[in-house]
Amino acid sequence: MTIIDNTATVPSPRDGADHTGPLLEVRDLHVEFHTRDGVAKAVNGVNYSVNAGETLAVLGESGSGKSVTAQAIMGILDMPPGKIPQGEILFRGQDMLKMAEEERRKIRGRKIAMIFQDALSSLNPVLSVGYQLGEMFRVHQGLSKKDATVKAVELMDKVKIPAAKARVSDYPHQFSGGMRQRIMIAMALALEPDLIIADEPTTALDVTVQAQVMDLLAELQQEYNMGLILITHDLGVVADVADKIAVMYAGRIVEQAPVHELYKRPAHPYTKGLLESIPRLDQKGQELYAIKGLPPNLLRVPTGCAFNPRCPKADDICRTEIPALVPVTEQDGADLPGRTSACHFWKETIHG
Amino acid sequence: MADLSKNDEAVAAAVEAPVGRGEPILQVRNLKKHFPLTQGIVFKKQVGAVKAVDGVSFDLYQGETLGIVGESGCGKSTVAKLLMNLESATAGEVFYKGQDITKLSGRALKAVRRNIQMVFQDPYTSLNPRMTVGDIIGEPFDIHPEVAPKGDRRRKVQELLDVVGLNPEYINRYPHQFSGGQRQRIGIARGLALNPEIIICDEPVSALDVSVQAQVINLMGKLQDEFNLSYLFIAHDLSIGRHISDRVGVMYLGKMAEIGTDEQIYEHPTHPYTQALLSAVPVPDPEARAHRERIILTGDVPSPANPPSGCSFRTRCWKAQEKCSQETPLLAIPQRFDGLDTPAAHLSACHFAEEKQVVPVH
């Protein structure tokens, strides 16, 4: 039992030592899936970047393309049916989409690692966790079985699994949900990567365990000065850990902002609606604001702005013209660094 | 036999009698459910029991929403199943309008069941994929034909679809043609079909997207006013629990840790578990993260097959002392607050109950 004073643990973005520019940059990424019913455009031109030591939260509902983007970065997209017709994914300035498979394999796991949502189905049930953790060292560093097991115990200690030495030969089903997620984190950390992509790492966990896991992740991130892409639909988790946020809707980023700014003054009606529609622990209201309608079918994305059928501000221009992601400024035209919005009426939304 | 059926009729009559607003409609007393753990294949012998629900008592008043919150494995869903009589209780009573439903059977039980309906968590697995929406919502009428005469059913189902905000023309569609939120509306329509008085909702929105959650929560609030329903709302999301509930009970390892009005629980919690649970909830406000105190519990929930002696929370509690391992704290108003006119004077099962503000006040 520890009481943590949060003032000390807010992670601050730091720049990487040996390179300039962002650690990872996604430029105009498109992903589509060819299905029997037609082409589903899951990602339609996503741009974002992460620096070392920085946490970028990618926020969106199911079907918004947030996980598909992550899979494209990791190079674990099923192709076919998936296809990347356009775009660049630059890791330290090198386009990973143009690399040979051999080269990408060297980056995957060693430089960029991923934590998956469902730890039980992501771990192999017939292999002990020690074997699975040690695999990273055996494959990437050529360690012997014995040395790899020693390393695995060290890792389990690192993520605070009690009695690591005794539990290294246990199987995944012998661990609780929170402990399994710790093993996933340990596996991602094994080779001390520069960037971790966490896809809904705490969604399947209880709140008390969720807090433990998020704290652990933040601690390790600071220790190794890693970049972190946190994919989630939970606005509460984002507020607790992120430095900047990208909100996705129907395969596009609709708004990007530093975390404090986004919650204070959203510049896109979708973000605004989301913030107003969540019940709050510290407030009791009568009726929640609800965004009407449903997220769009990716086979038939509405023309113009994809959000227009659900938007309270929608006008004729929204039904015909796709809004570009433009920089957001103060009323007097002063710059708001890091803020962009893809709405024809962002001025009214943020200042109105 | 004649005597028995007369008794059934008496129960059925008692069940039909209306209950005034604010009177208890469901009283749960010391309810227990122990699942046996057995060893051996031919000669099974019981070696222990998973104490899923271990002595839970509460009242549900007419027209209110009672939220039950807790982590997975705390027994909240088992309570729901016991109230529906889908599991038989090991011990304890559930009084519905004064009738103990754990001891009923036959016609009397059927009459009671009509009035207590359930909405399930997962809208993907709780609807039969081979049945049309009309058949799903109309199925309760096959079991209780007195509610809707045969020729009238189609119209009734369409009415129900309209009530939950779906197009009545969708009556011949199949579940896979609907989104998650729409499916949950179908589940709610099925729950409403027999005009029940109580609806037990087992995490009805936790499988839905954020923007759709709000729609379903609002719908449930509207239906409660319209049909004068009492809800037992089971949730692991404490924010939703607060939003919808009039009173909230916090469960831990098969026992009720604390119960009170939403203000008492959320703003004046006295049980350390409630305080830890509330402080761990991420608040969607980055300003709050700087000046928020978080209590991070260590470890996991102990196994209900082998719960700790005394207070079941003591293994994770920072206040635990010798007394906690010996004496099981009772769910009562803590002595230090007894008789005082403060929101902290509500039922809490802790030897060292004290108030602690964990949710930021605006």
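**Close-up views of a predicted two-chain model**

In chain B, the centres of domain 1 and domain 2, taken over C-alpha atoms, are separated by 30 Å. The model is predicted, so local features need pLDDT of at least 70 and side-chain atom pairs count only at pLDDT 80 or more, whereas totals for chains, interfaces and linings use all residues. Residues are numbered from 1 along each chain as its sequence is written, and chains are lettered from A and ligands numbered from 1 in the order in which they are written.

**View 1. The two domains of chain B and where they touch.** Domain 1 of chain B covers 2-33 + 49-245 and domain 2 of chain B covers 274-348, with bounds that come from an automatic or database domain assignment. In contact across this boundary are 7 residues of domain 1 of chain B and 7 residues of domain 2 of chain B, two residues being in contact if their C-beta atoms, placed from the backbone, lie within 7 Å. On the domain 1 side, β2 (45-61) and α8 (238-244) of chain B each supply at least two residues; helices (H or I, at least four residues) and strands (E, at least two) are DSSP runs, numbered from the N terminus. The most is given by β2(B), with 3 residues.

View 2. Lys45(B) lies in strand β2 of chain B. Is Lys45(B) buried or exposed? Lys45(B) is exposed, because 8 other C-beta atoms are within 10 Å; a residue is buried if 20 or more other C-beta atoms lie within 10 Å of its own, exposed if 12 or fewer, and partly exposed in between, with C-beta atoms placed from the backbone. Apart from its neighbours within four places in sequence, Lys45(B) is in contact with Thr38(B), Gln39(B) and Gly40(B). Val301(B) is 256 residues from Lys45(B) along the chain, and their C-alpha atoms are separated by 27 Å.

View 3. Strands β9 (residues 247-252) and β10 (residues 255-261) of chain B run antiparallel and are joined by 6 bridges, and Arg247(B) stands opposite Thr261(B) in β10(B).

View 4. In strand β4 (residues 55-59) of chain A, 5 of its 5 residues are buried. Thr55(A), Ala57(A) and Leu59(A) point one way from β4(A), whereas Leu56(A) and Val58(A) point the other way. The pairing of β4(A) with strand β9 (residues 227-232) of chain A is parallel, over 5 bridges, and that with strand β10 (residues 244-249) of chain A is also parallel, over 4 bridges. Leu59(A) has Thr232(A) as its bridge partner in β9(A) and stands opposite Val247(A) in β10(A).

**View 5. The side of chain A that touches chain B.** Here 48 residues of chain A are in contact with 46 residues of chain B. Of the elements on the chain A side, α8(A) gives the largest share, 7 residues.

Conventions
Pairing = 2+ DSSP bridges.
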